[in-house]
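Subject: The structure, and what turned up in it

Hi,

Have a look at it first, then read on for what was found inside.

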Amino acid sequence: MERLTDIGVIRDILSRHGFTFSKALGQNFLINPSVCPRMADDAVRGDNFGVLEIGPGIGVLTNELLKRAKKVVAVELDKRLLPVLDETLGEFDNLKVINADILELDLHRLIDEEFGGMDVAVCANLPYYITSPVIMKLLEERLPVKSITVMVQKEAAVRLCAEPGTRDSSAITAAVRYYCDPELLFKVSSGSFMPAPKVDSAVIRLTLHEPSVHPKDEKTFFRVIKGAFAQRRKTVLNSLSSSLSLDKQILRDILDTAGVDVNARAERLTIADFAAIADAIYSLKE
Ligand code: SAM
């Protein structure tokens with residue numbers, strides 16, 4: 001069905017289905033007609049793509065994805081939206097809707113079963129209450145996907161796409177860069193949604209790559225990143241010694257071995273620096 005961004009059409013469909021918005025499920029539906037075609041173009045970059053969509057709502061983005069992709073699998077938690085999607089997207093035979101919580105699904109299996117032989121992309125206007133867990137699940141599980149194109153709150157977009165070494169960078173910036181190249185594609189005002197959220201949004205694209213560094217132990221690597229940013233105004237030496245309960249002299253030697261200035265702050269460190277520190281800490285245990 002076209003015109004899914006038309007407020008009159010949305011109100012008519014929703015009232016016929018007795019649907020009311022759930023704030024708890026982050027239901028802010030897109031009503032700006034230019035956003036979904038642009039997102040779908042940014043996500044589907046070839047003619048052999050399968051797309052995993054998270055939270056289709058009434059199907060406004062799904063509709064654009066279906067026109068461009070070989071197949072779309074849309075995972076929606078709110079089962080009240082299933083009959084709505086039947087009505088709005090019933091004409092497409094390349095859609096599968098799954099009623100589930102994205103955080104609970106075995107995504108390796110889903111991709112294997114649904115997208116055999118296709119390039120896979122993830123695309124979504126994410127429910128904001130689970131932005132970080134969803135993105136970290138998609139990245140940490142090392143899914144065979146080419147890219148993740150998602151709408152997130154503007155502040156989250158800035159943090160996720162920050163250049164290492166700048167004030168906006170944080171632990172998640174470093175973790176994200178380990179797995180992918182992030183880009184902030186475009187900003188979207190709060191008036192583009194119904195109901196309008198309090199904050200503006202932005203669309204980002206994460207293009208996955210092989211990790212550019214190879215820490216000996218990933219768990220230690222991520223603990224070091226988290227620990228270094230735990231007290232970001234302090235030096236890495238101070239922040240790490242308190243968060244990892246490490247003796248300062250031992251840590252000085254570790255930073256020395258890793259070639260990291262003991263007076264540096266976490267935001268100045270590259271992921272190669274974090275990997276070198278993590279390796280030096282890990283060797284203590286070996
Ligand atoms: N894609 C639609 C759009 O752009 O208008 C709706 C986006 S709305 C921001 C988020 C959607 O995610 C809602 O449909 C909501 O019900 C769904 N959702 C919320 N939590 C979810 C979860 N854990 N797993 C799957 N879908 C979820």
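Let's start with the ligand: the space it takes up is the largest cavity. A cavity here is a set of points, on a 1 Å grid over the protein atoms alone, where a 1.4 Å probe fits but cannot get out. A molecule counts as sitting in one if more than half of its atoms lie within 2 Å of the grid points. Among the elements, β1 (29–30) and β3 (71–76) each give two or more residues to the shell around the ligand. (Strands are DSSP runs of E with at least two residues, helices are runs of H or I with at least four, and both are numbered from the N terminus.)

Before going further, keep in mind that this is a predicted model, where local features need pLDDT of at least 70, side-chain atom pairs count only at pLDDT 80 or more, and totals for chains, interfaces and linings use all residues. Residues are numbered from 1 along each chain as its sequence is written, and side-chain values use heavy atoms, with hydrogens and water left out.

Around the ligand

There are 24 residues surrounding the ligand, with L30, G55, E76, N125 and Y129 the closest; to count as near, a residue needs a heavy atom within 4 Å. By class, that shell has 14 nonpolar, six polar and four charged residues. (Nonpolar is Ala, Val, Leu, Ile, Met, Phe, Trp, Tyr, Cys and Pro; charged is Asp, Glu, Lys and Arg; the others, Gly among them, are polar.)

Next, some polar contacts, meaning pairs of N or O atoms within 3.5 Å. The side chain of N125 has an N or O atom 2.8 Å from an oxygen atom of the ligand. D101 puts a polar side-chain atom 2.9 Å from a ligand nitrogen, and a polar backbone atom of P56 is 3.3 Å from a nitrogen atom of the ligand. On its own the ligand would expose 590 Å², and the protein buries 99% of that (Shrake-Rupley areas with a 1.4 Å probe).

The cavities

How many cavities of 30 Å³ or more does the structure hold? There are two. Two or more residues each come from β1, β2 (49–54), α3 (60–68) and β3.

The second largest cavity has about 60 Å³. It is lined by 13 residues, with P164, S169, A174, L269 and F274 nearest its centre, and α8 (171–179) and α12 (271–285) each give two or more.

The pockets

A pocket is an open set of points with protein on both sides within 12 Å along at least five of seven lines. The largest has a volume of about 270 Å³, and K23, G26, Q27, N28 and P197 are the closest to its centre among its 13 lining residues.

The second largest pocket holds about 210 Å³. Its lining includes M136, E140 and F222, and α9 (218–230) is one of the elements giving two or more residues.

Happy exploring!

Definitions and conventions. Polar contact = N/O pair within 3.5 Å; in protein donor to acceptor, adjacent residues only side chain to side chain. 1 Å grid on protein atoms, 1.4 Å probe; cavity = no way out; pocket = protein on both sides within 12 Å on 5 of 7 lines; lining within 4 Å. Points joined across faces, edges and corners; volume = space filled by probe spheres on them.
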